[in-house]
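Here are a few friendly notes to read with the structure open beside you. Take them one at a time, and look for each feature as you go.

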Amino acid sequence: LPLSDITRQHGVTFVKELARLPATGSPRIRALPIREAIAVADRERLPRLDRATVRQNLFRLSAMLNDAANEGLIRTNPLQGYRFSKVNGGKHAAAKAKERKGFTPEEMRKLRASADKMAEADRWVFLLGAYQGARREECAQLRRSDIQQRGAVWCMQVTDEADGQRVKTLQSVRLIPLHSELIACGFVEYIQTVKGERVFPSLLPSETDPRVSAKLGKRFAYLCKGLGISKSF
């Protein structure tokens with residue numbers, strides 16, 4: 001469709017059909033047109049895309065339409081304000097079952113005590129996640145320019161502006177004051193020793209995952225398992 005012909009209803013239909021797609025990496029399924037893949041999922045009772053994936057695709061479509069509106073190619077984004085809250089007419093049971101639980105204070109004490117045993121980059125990403133309330137990839141992908149001093153206040157910027165940076169949602173872009181404990185631990189001094197653009201140049205994508213925090217996530221999971229903690233970063 002030409003951009004100017006896309007309506008809100010097109011977007012709504014697109015998202016609802018996405019929710020019916022099978023959650024599989026099978027080449028047999030992925031090679032099929034969407035409606036045929038849905039028919040196979042119905043026939044074989046395959047698990048469907050989870051709610052988070054559907055919402056992410058809605059965000060991407062809406063972001064594209066926002067750009068088109070900003071460039072004057074369309075008058076407004078027809079999906080502006082649309083919120084996808086239900087899947088197939090009800091709550092997504094699988095998403096509910098996978099809902100993550102936070103670390104308890106005791107678990108955090110165990111992890112904090114183990115921080116000095118981590119590799120330097122892993123240690124700082126863990127501390128940033130703990131004190132800044134940030135996601136693993138948000139911390140791992142930081143550039144030196146993302147650590148800024150605003151007046152007398154040191155801040156951490158979460159953005160997708162640089163190559164390779166990504167955020168989960170539009171609302172994820174934010175500026176956060178650095179926690180005093182991070183400053184006391186020497187994070188600002190660490191930044192000043194970094195050579196190059198990336199704050200953690202040793203963190204690299206894996207062969208199967210483009211995120212620079214992918215291998216760190218596995219190392220952190222292994223650490224948690226050793227501490228008797230069955231949770232992820």
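1. Of the 233 residues of this protein, 37% are buried, where buried means under 20% relative accessible area, exposed over 50%, and partly exposed in between (1.4 Å probe, protein chains only). This is a predicted model, in which local features need pLDDT of at least 70 and side-chain atom pairs count only at pLDDT 80 or more, while totals for chains, interfaces and linings use all residues. Residues are numbered from 1 along each chain as its sequence is written, and side-chain values use heavy atoms, leaving out hydrogens and water.

2. Now for the overall layout. Along the sequence, the pattern reads α-α-α-α-α-α-α-α-β-β-β-α-α-α. The C-alpha trace spans about 55 × 45 × 30 Å along its principal axes.

3. How do the strands pair? Strand E1 (residues 147-150) and strand E2 (residues 153-158) are antiparallel, with 4 bridges; two strands pair if DSSP finds at least two bridges between them. In this pairing, Ile-147 stands opposite Met-156 of E2. E1 and E2 make a hairpin with 2 residues between them, and Gly-151 in the turn has a positive phi of about 65°. E2 is also joined by 4 bridges to strand E3 (residues 174-177), again in an antiparallel arrangement, and here Val-158 faces Arg-174 in E3.

4. Take a look at Arg-45, which sits in the loop between helix H3 (34-44) and helix H4 (51-70). Its phi is near 55°, a positive value in a residue other than glycine. For background, most residues other than glycine have a negative phi. Is Arg-45 buried or exposed? Arg-45 counts as exposed, because its relative accessibility is 75%.

5. Finally, find Gln-132 in helix H7 (residues 120-132). Gln-132 counts as buried because its relative accessible area is 7%. Its side chain reaches the backbone oxygen of Pro-177 at 3.2 Å, and a polar atom of that side chain lies 3.0 Å from the backbone nitrogen of His-179. Not counting residues up to four places away in sequence, Gln-132 touches several residues, including Met-156, Ile-176, Leu-178 and Leu-182; contact means heavy atoms within 4.5 Å.

How values were computed: Polar contact = N/O pair within 3.5 Å; in protein donor to acceptor, adjacent residues only side chain to side chain.
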